[in-house]
Amino acid sequence: MEIEHAVLKLAALAQSTRLEAFQTLVRHEPDGLAAGDLARQLEVPPNTLSAHLSILTRARLVISERRSRSIVYRANLAEFRDVAVFLLRDCCGGRPDVCEPVVESLQACCSPRRKGRIRA
């Protein structure tokens, strides 16, 4: 990833409403949320949210699709992953102990849930 692309994505997230919108969409993956539902959850006027979603879409952090009469928005987790990896790729400078706490904290919050055993 080029620095300019990373800056665009990070700038899109560097505003409280946009960051909350992105976080809310992440919580609603993989189904996404209709624009009106997202506006209600964030308590933001629809036209204001539309402007914020436009910025997130240009940064490719949010994708949208029309479903019947609604536009449903989803977090583009692949793009977000690319930004996170870009930021962390050389963080340790050859010293894995520097990044180890970051990686451990991600594993703790993002590890797959264990499914219950299937009983016969």
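In what order do the three strands form the open sheet? The model is predicted, and in it the order is S1-S3-S2. The pairing is antiparallel. Strands of a sheet pair through backbone hydrogen bonds, either parallel or antiparallel.

Look at the edges next. Strand S1 covers 33-34 and strand S2 covers 62-67. Each has a single partner strand, so one side of each is left without a neighbour in the sheet. S3, residues 70-75, is joined to S1 by two bridges. These two strands run antiparallel. Leucine 33 has tyrosine 73 of S3 as its bridge partner.

Now turn to helix H4, residues 46-58. H4 has 13 residues. From its first C-alpha to its last it reaches 18 Å, close to the 18 Å expected at 1.5 Å a residue.

Which residues of H4 are buried? They are Leu49, His52, Leu53 and Leu56. These residues cover an arc of only 100 degrees around the axis, which puts them on the same side of H4. An α-helix has 3.6 residues a turn, so residues three or four places apart point the same way.

The buried residues of H4 have several packing partners. They pack against helix H1 (3-13), helix H2 (16-27) and helix H3 (35-42). They also pack against strands S2 and S3. The face of H4 turned away from its buried side carries Asn47 and Arg58, which are exposed.

Follow the chain past the helix. Arginine 60 comes after H4. Its phi is positive, near 65 degrees.

Methods: Residues are numbered from 1 along each chain as its sequence is written. This is a predicted model: local features need pLDDT of at least 70, side-chain atom pairs count only at pLDDT 80 or more; totals for chains, interfaces and linings use all residues. Side-chain values use heavy atoms; hydrogens and water are left out. Two strands pair if DSSP finds at least two bridges between them. Helices (H or I, at least four residues) and strands (E, at least two) are DSSP runs, numbered from the N terminus. The expected span of a helix is 1.5 Å times one less than its number of residues. Buried means under 20% relative accessible area, exposed over 50%, partly exposed in between (1.4 Å probe, protein chains only). The arc is that of the directions from the helix axis to the C-beta atoms. Contact means heavy atoms within 4.5 Å.
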